[in-house]
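Please work through the exercises below with the model at hand. Each task is followed by a solution in steps.

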Amino acid sequence: VQLQALGGGLVQAGESLRLSCVASGNVRAINRMGWYVQAPGGQREMVAQITRASTTTVKYKDSVQGRFTISIDYSKNTAYLQMNNLKPEDTGDYYCNGNIYTYREGSVDYWGRGTLVTVSS
């Protein structure tokens with residue numbers, strides 16, 4: 001399984017971006033997808049996460065609550081992060097993470113390569 005994150009770029013404060021993360025390979029089920037950000041000089045931290053179990057659970061980093069929305073199109077094995085009203089402090093490399101089930105490997109955590117989001121003031 002490979003995860004590919006797309007959609008980063010340079011925007012001004014207040015603008016929007018939508019990131020996509022496509023899971024390719026022998027995906028049989030997506031248990032959880034999440035987006036993480038690593039700011040320059042900082043540690044990687046969770047931005048948004050959606051977990052599919054008996055119910056669907058969504059979590060957000062406090063500072064993005066109300067501005068970012070995570071979603072998954074299971075028919076396309078693609079997760080999205082809609083980011084509205086972007087702020088300079090949202091700048092960083094955004095990584096997608098997925099806990100994905102394949103017949104061969106079972107449920108495994110995968111990481112995609114980062115996509116850079118830069119928000120200018």
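**Exercise 1.** In which strand is Gln 49 found? State its burial and its contacts as well.

*Solution.* The model is predicted: local features need pLDDT of at least 70, side-chain atom pairs count only at pLDDT 80 or more, and totals for chains, interfaces and linings use all residues. Residues are numbered from 1 along each chain as its sequence is written, and side-chain values use heavy atoms, with hydrogens and water left out.

Step 1. Gln 49 belongs to strand β5, residues 44-52 (strands are DSSP E runs of at least two residues, numbered from the N terminus).

Step 2. With a relative accessible area of 11%, Gln 49 is buried (buried means under 20%, exposed over 50%, partly exposed in between; 1.4 Å probe, protein chains only).

Step 3. Leaving aside residues up to four places away in sequence, Gln 49 touches residues including Arg 32, Tyr 36, Val 58 and Ile 70 (contact means heavy atoms within 4.5 Å).

**Exercise 2.** Identify the disulfide and locate its two ends.

*Solution.* Step 1. Cys 21 is joined to Cys 96, S to S 2.1 Å (a disulfide is a pair of cysteine sulfur atoms within 2.5 Å).

Step 2. Cys 21 lies in strand β3 (residues 17-24) and Cys 96 in strand β9, so the pair ties together parts 75 residues apart in sequence.

Step 3. The link of Cys 21 and Cys 96 is right-handed, with 60 degrees about the S-S bond; both cysteines are buried.

**Exercise 3.** Characterise Asn 77.

*Solution.* Step 1. Although not a glycine, Asn 77 has a positive phi of about 50 degrees.

Step 2. Asn 77 sits in the loop between β7 (68-73) and β8 (78-83).

Step 3. Its relative accessible area is 21%, so Asn 77 is partly exposed.

Terms used:
Helices (H or I, at least four residues) and strands (E, at least two) are DSSP runs, numbered from the N terminus.
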